[in-house]
Amino acid sequence: PVALRAAAQDRPPGGEGGLSGPSGDGAARPGVHSRLRSATRSSHQRLEAALGLAAPLVEEAKVVRLLERLHGFHAAWEPALEGMVPDAIRVPRLKAPLLADDLGRLGVPAARLRSLPLCDAASKLCGSEAEAAGALYVIEGSTLGGRVITRGLQDAPWLHGRALRYWDAYGADTGRRWQETLAYLEALPALAGERVVASAVATFELLQAWLAGPCRSLDRTSP
């Protein structure tokens, strides 16, 4: 069982997830996916342990709080992706509306949703395409474990048989979407690799801090 499964230890359906290209001397060199997995492995493990969604029975209040914090992250981060990541990649992967829908179905009033704090620092993860791509790797990797979370929560009595959309955003298309993300990452210029990896590590660190406590509160109902 996993919590927020990002791509640090991922293996998409059908085999090993990393794509590698040949180097100039004919020897195989690690692709950016392989480098990302290696660089973010410990960050992924710390975040997973901190979230604690592997327990057999997770309380509704804990899930609601986590979804609220995730909403605050996505609501700040997703607008910053525009113009940095191609729309063909970006638009199908927007999840703030799914989080809003899940929270509404769990009884969170619209007024509270509007006043949830935003993680302003999330928008700073998109200073360039390489940085935005590193953050995208982390968020999209979480969809792999999101399906595991969905299965783990399916018998929660407080869900009354309702599935949460955020953790199963793509359903049966999860593997295909992940492979599309990997192909996009591998197609980035080779010189961008270090910035992609650094941004992925920074995204993990920010997520752990943000999901554990306040980042910056912003009442969006204020003028």
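Starting at the N terminus, the elements of this chain run β-β-α-α-α-α-α-α-α-α, which comes to eight helices and two strands. Helices here are DSSP runs of H or I with at least four residues, strands are E runs of at least two, and both are numbered from the N terminus. What you're looking at is a predicted model, where local features need pLDDT of at least 70, side-chain atom pairs count only at pLDDT 80 or more, and totals for chains, interfaces and linings use all residues. Residues are numbered from 1 along each chain as its sequence is written, and side-chain values use heavy atoms, with hydrogens and water left out.

Let's take the whole chain first. Of its 223 residues, 48% are buried; buried means under 20% relative accessible area, exposed means over 50%, and partly exposed is in between, using a 1.4 Å probe and protein chains only. Now for the contacts, meaning heavy atoms within 4.5 Å. Among those with a separation of 6 or more, 85% join residues 24 or more positions apart.

Next, the inside. The largest nonpolar core has 59 residues, a core being a set of buried Ala, Val, Leu, Ile, Met, Phe, Trp, Tyr and Cys residues joined through side-chain atoms within 4.5 Å. Leu67, Phe73, Trp77, Leu153, Trp167 and Leu185 have the most contacts inside this core. At least two core residues come from each of α1 (32–51), α2 (60–81), α4 (96–105), α6 (129–153), α7 (174–187) and α8 (193–212). Helix α6 gives the most, with eleven residues.

Ala163 lies ten residues from Leu153 along the chain, and the C-alpha atoms of the two are separated by 8.2 Å.

Now let's see how the helices pack. Two packed helices are described by the angle between their axes and the distance between the axes. The axes are lines fitted to C-alpha atoms, for helices over the stretch in contact, and the angles run from 0 to 180 degrees between N-to-C directions. Angles under 35 degrees count as roughly parallel, over 145 as roughly antiparallel, 65 to 115 as roughly perpendicular, and the rest as oblique.

Take α2 and α6, whose axes come within 13 Å and cross at roughly 150°. That makes α2 roughly antiparallel to α6. Their crossing is left-handed: the near helix is turned anticlockwise from the far one by less than a right angle, while clockwise would be right-handed. On the α2 side the contact is made by Val63, Phe73, His74, Trp77 and Leu81, and on the α6 side by Ala132, Ala135, Leu136, Ile139 and Leu153. By class, this contact has nine nonpolar, one polar and no charged residues. Ala, Val, Leu, Ile, Met, Phe, Trp, Tyr, Cys and Pro count as nonpolar, Asp, Glu, Lys and Arg as charged, and the others, Gly among them, as polar.

Helix α6 also packs against α8, at an angle of about 50° with the axes 7 Å apart. These two helices are therefore oblique to each other, and their crossing is right-handed. Residues making the contact include Ala130, Gly134 and Tyr137 of α6, along with Arg195, Ser199 and Phe204 of α8. The residues of this contact divide into ten nonpolar, three polar and two charged.

And α8 has another partner, α1. Here the angle is about 5° and the axes are 9 Å apart, so α1 and α8 are roughly parallel to each other. Among the residues that meet are Leu36, His44 and Leu47 in α1 and Val197, Phe204 and Leu211 in α8. This contact divides into 13 nonpolar, five polar and three charged residues.

One last stop is the loop between α7 and α8, where you'll find Ala190. Is Ala190 buried or exposed? It counts as exposed, because its relative accessibility is 59%. Gly31 is 159 residues away from Ala190 along the chain, with 9.2 Å separating their C-alpha atoms.
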